[in-house]
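Colleague: I'm new to reading protein models. Could you walk me through this one?

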Amino acid sequence: MSPRNILFLCSFNAGRAMVAKGILNAFANPDYRAFAAGDEPEPTPCPEALSVLARHLETVQGVRVKHWSVFTRPGAPKIDVVISLCNNALGEICPVTLPGHPLTAHWDITDPSTATDAAARRAAFEQVYQELYARITDLIEIPLTKEGKKLEKTINAIGWLNARAA
């Protein structure tokens, strides 16, 4: 069985999606592969995102910013599930149409880069790491036999359940 490919999206692909990708790839078994992309990617990863990844996962090798369109090109990995991490309250949207019609889910995560000073940004990225870790822990517990709309509904529910618990 090939791995389930998960694409995490956030507007700028400089923080949230990279953190989610790092967590899933570090803690999931070979049944999952994570990717990260954005709709309006920044030129480089956010330093606080790299810092939180290095602190928790001890690796930031190969972290780079990507536009989601790289997953529409020939030879790109087939994406099974797209999880947007954009914050609805701030009016962020992550519109994406990928080949193969992957399942879609949304986890409302506040953009930590909007914090006003360095200490607040570090704290915000730590909070995002903890939120994503909890959700991804639940994600990898979903049986691989679950597919289609049932899987999509379950992944969306993870976002809502963990948001209420935070």
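Colleague: Let's start with one cysteine: does Cys46 count as buried or exposed?

Modeller: At 8% relative accessibility, Cys46 is buried; the word buried is used under 20% relative accessible area, exposed over 50%, and partly exposed in between, with a 1.4 Å probe and protein chains only. Cys10 is buried as well, at 2%. Bear in mind that this is a predicted model, where local features need pLDDT of at least 70, side-chain atom pairs count only at pLDDT 80 or more, and totals for chains, interfaces and linings use all residues. Residues are numbered from 1 along each chain as its sequence is written, and side-chain values use heavy atoms, leaving out hydrogens and water.

Colleague: How many disulfides does a search of the whole structure find?

Modeller: The general idea is that a disulfide is a covalent bond between the sulfur atoms of two cysteines. The cut-off here is a pair of cysteine sulfur atoms within 2.5 Å, and the search turns up 0.

Colleague: Now the helices. At what angle do helix 1 and helix 2 pack?

Modeller: Two packed helices are described by the angle between their axes and the distance between the axes. Helix 1 (residues 16–27) and helix 2 pack at about 15°, with axes 10 Å apart. That makes helix 1 roughly parallel to helix 2. Angles under 35 degrees count as roughly parallel, over 145 as roughly antiparallel, 65 to 115 as roughly perpendicular, and the rest as oblique. The axes are lines fitted to C-alpha atoms over the stretch in contact, with angles from 0 to 180 degrees between N-to-C directions. Helices (H or I, at least four residues) are DSSP runs, numbered from the N terminus.

Colleague: Which residues make that contact?

Modeller: Contact means heavy atoms within 4.5 Å. Helix 1 brings Met18, Val19, Gly22, Ile23, Ala26 and Phe27, while helix 2 brings Ala49, Val52, Leu53 and Leu57.

Colleague: And how far apart are the axes of helix 2 and helix 3?

Modeller: They lie 9 Å apart, and helix 2 (residues 47–57) packs against helix 3 (residues 118–139) at about 55°. That makes helix 2 oblique to helix 3.

How values were computed: Helices (H or I, at least four residues) and strands (E, at least two) are DSSP runs, numbered from the N terminus.
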